[in-house]
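Let's take a friendly walk through a protein, beginning with the whole and ending with a single residue. Have a look at the picture before you read on.

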Amino acid sequence: MAGVHDEMWEKLNLDLTAHEGLLQVLGKFYGDIYLSQENRLKGMEYMDFVLSEVHGLRIKELQDAKAEGKKIIGTFCVYVPEELVLAANCVQIGLCAGAEVGMESAERLVPRNTCDLIKSFVGFKLSRLCPYLESSDLVVGETTCDGKKKAYEAFATYAPMYVMEIPQTKSEAAKALWRSEVRRFKARLEELTGKAITAEDLARGIDIVNGKRKALQRLSALRAADPAPISGRDSLLINQISFYDDPIRFTTQINALCDELEVRVAAGEGVAPKGTKRVLLSGCPMAVPNWKLPFVVESSGAVIVGEESCIGERNTRDLVPDATGTVDDILDVIADRYMKIDCACFTPNAERPGNILELANRLNADGVIQYTLLFCQPYANEAMRMEPILKDKGIPSLALETGYSMEDIGQLKTRVEAFVETLE
Ligand code: BJ8
């Protein structure tokens with residue numbers, strides 16, 4: 001990628017030397033974790049290509065979109081309604097960073113005992129390493145966990161921030177607040193683009209995002225098969241790419257990949273022998289290139305069959321129902337869909353245990369690994385609550401807390417291998 005895109009990266013004010021180093025590490029990491037897999041689907045060639053051009057061609061597309069007058073909206077949370085962004089004829093990009101980058105610089109802006117996901121997006125910015133962030137005309141934060149909302153205050157000095165207020169409960173008053181926040185976001189997008197969003201625009205946005213979610217739901221359903229037809233690593237990658245690829249092109253590619261998967265399932269073929277132990281990952285989101293735990297699990301004799309996370313089911317579970325009527329009517333329908341998200345930042349977060357159990361059953365999981373990023377209070381708390389619930393249903397579980405560093409990989413492997421051995 002280097003060379004061809006240098007001029008573009010320079011215009012985006014990236015640190016070219018450090019950026020080249022990052023791409024090299026990413027390429028090596030990807031080769032070891034992804035390209036070494038056997039029995040991969042042909043449809044994954046598209047994902048390999050997209051990933052290889054993650055800072056190249058996709059960024060070029062964003063620059064072209066900007067030249068046509070489109071705005072780029074960077075986001076950190078699945079609460080930000082992409083339907084509105086598309087209705088405003090803007091491009092939405094998921095910014096959540098999954099690399100151990102710029103951590104020392106980040107600790108000048110946020111406390112050391114902050115989760116790596118937050119430190120990573122701060123680090124990417126301070127180290128001038130993320131072309132998505134540098135391309136964003138608006139960066140949308142949200143009042144979810146304390147770590148994020150306080151980080152956004154400091155981050156606002158460095159990026160054009162806009163913060164959505166996410167309620168912390170699901171009371172009627174909270175739902176009303178959220179509906180008004182969705183309207184406020186619409187107004188902000190209209191101010192940015194200078195164009196009013198119509199009911200037709202919203203219908204188009206809903207159609208595109210529902211299409212993407214339906215394709216990802218189809219992928220998820222096919223993973224119930226034994227033998228598992230696709231690896232957890234590849235499925236995670238697909239979900240990660242869903243946050244920054246062009247949504248219409250991505251949907252076409254995923255549906256084609258699902259056609260291939262259906263043939264594979266019908267033939268009883270898979271990526272691991274029938275009867276391989278099946279694990280559901282549950283908890284914190286895994287942003288690109290956070291592939292450490294999936295790699296550990298799938299090199300410990302198990303296969304991952306689902307991700308109960310925002311880079312996974314929490315983002316794709318619900319569609320926006322058909323909506324007609326005025327712009328306000330449709331906005332309410334969109335807002336209500338997002339209020340169903342079972343993020344651990346809510347108190348209580350009553351829907352999540354049922355959702356985890358349903359997923360574990362539907363995907364025929366033999367066990368659940370509860371994944372928490374170090375210093376993430378919401379998910380660490382819920383992992384403790386979930387353990388007895390899973391136990392009561394006869395589902396073995398393992399709670400792991402880890403960050404982005406590779407230092408604990410041996411220790412993680414020992415714990416995961418021991419867990420997999422106990423699965424029946
Ligand atoms: S809807 S999960 S994307 S907030 S890992 S930053 S919670 S300390 S990411 Fe999230 Fe939206 Fe919820 Fe999903 Fe804080 Fe925890 Fe860090 Fe986290």
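What follows is a short tour of this structure, which is a predicted model.

Start with the overall build. The protein contains 19 helices and eight strands. Its radius of gyration is 21 Å, close to the 22 Å that the globule rule gives for 424 residues, so the protein is as compact as a globular protein of that length.

Of the 424 residues, 58% count as buried. The protein exposes about 17,100 Å², and carbon and sulfur atoms supply 53% of that area. As for charge, there are 49 positive and 63 negative side chains, with the centres of the two sets lying 2 Å apart.

How does the chain meet itself? Take the contacts between residues at least 6 apart in sequence: 75% of them join residues at least 24 apart.

One residue lets you see this up close. Find Leu 202 in helix α11, which covers residues 199-222. Is Leu 202 buried or exposed? Its relative accessible area is 0%, and buried means under 20%, so Leu 202 is buried.

Which residues does Leu 202 touch, leaving aside its neighbours within four places in sequence? The contacts are Leu 84, Ala 87, Ile 197, Val 327, Ile 330, Leu 331 and Ile 334. Distance in sequence and distance in space can also be set side by side here: Leu 202 and Ala 323 are 121 residues apart in sequence, and their C-alpha atoms are 9.3 Å apart in space.

Key: Residues numbered from 1 in each chain as written. Predicted model: local features only at pLDDT ≥ 70, side-chain atom pairs only at ≥ 80, totals over all residues. Heavy atoms only, no water. Helix = DSSP H or I, 4+ residues; strand = E, 2+ residues; numbered from the N terminus. Buried < 20%, exposed > 50% of the residue type's maximum accessible area, 1.4 Å probe, protein only. Contact = heavy atoms within 4.5 Å. Rg over C-alpha atoms; globule rule 2.2 N^0.38 Å. Areas by Shrake-Rupley, 256 points an atom, 1.4 Å probe, with all protein chains shown as cover. Lys, Arg positive; Asp, Glu negative; His and termini not counted. Charge placed at Lys NZ, Arg CZ, Asp CG, Glu CD.
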